[in-house]
Amino acid sequence: MSDRHVSGEAQVSDAALVTKAVLRAAARLGLTQAELAKVLGIGTASVSRMAAGRQELDPGGQAKAYEIALHLIRLYRSLDALAGEAPGYAAWWMRQPNRWLGEVPADAIRSVRGLIATVDHLDAFRARV
């Protein structure tokens with residue numbers, strides 16, 4: 001991905017795009033700011049500043065949080081592809097016990113291992129569709 005994206009005359013950094021996308025994905029997954037902070041491994045104050053537009057995920061300074069954000073966005077996109085336009089489905093799914101994961105997805109994604117397992121599960125399920 002390039003450092004800048006051009007949309008009309010406005011240029012937006014990758015950091016701004018990823019920050020906005022992960023906040024939107026988290027909201028649609030029904031995650032609170034505190035839950036998003038735990039997933040990303042950053043403080044709740046940082047997530048609050050991100051939501052207010054005063055901070056972005058930095059692929060240089062916050063490389064791990066940035067990478068985790070990309071996986072969370074991928075999780076949402078996979079789940080959205082499966083559910084289509086069903087309003088609230090993603091948030092509902094995140095709170096249901098999942099036999100394959102062995103726990104509720106919202107709890108599983110608190111660890112990197114659980115996040116990757118959840119993304120892999122959704123990718124495998126999508127492959128069957």
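A residue is called buried when its relative accessible area is under 20%, exposed when it is over 50%, and partly exposed in between, using a 1.4 Å probe and protein chains only. Helices are DSSP runs of H or I with at least four residues, numbered from the N terminus. The model is predicted, so local features need pLDDT of at least 70 and side-chain atom pairs count only at pLDDT 80 or more, while totals for chains, interfaces and linings use all residues. Residues are numbered from 1 along each chain as its sequence is written, and side-chain values use heavy atoms, with hydrogens and water left out.

Helix H4 runs over residues 63-83, and its 21 residues reach 30 Å from the first C-alpha to the last, close to the 30 Å expected, a span given by 1.5 Å times one less than the number of residues. Among the buried residues of H4 are Ala65, Ile68, Ala69 and Leu72. Just after H4, glycine 84 takes a positive phi of about 70 degrees.

Two packed helices are described by the angle between their axes and the distance between the axes. The axes of H2, residues 33-40, and H4 come within 9 Å and cross at roughly 115 degrees, with axes being lines fitted to C-alpha atoms over the stretch in contact and angles running from 0 to 180 degrees between N-to-C directions.

Alanine 65 is buried, with a relative accessible area of 5%. Leaving aside neighbours within four places in sequence, alanine 65 is in contact with Leu40, Ile42 and Leu57.

Notes: Helices (H or I, at least four residues) and strands (E, at least two) are DSSP runs, numbered from the N terminus. Contact means heavy atoms within 4.5 Å.
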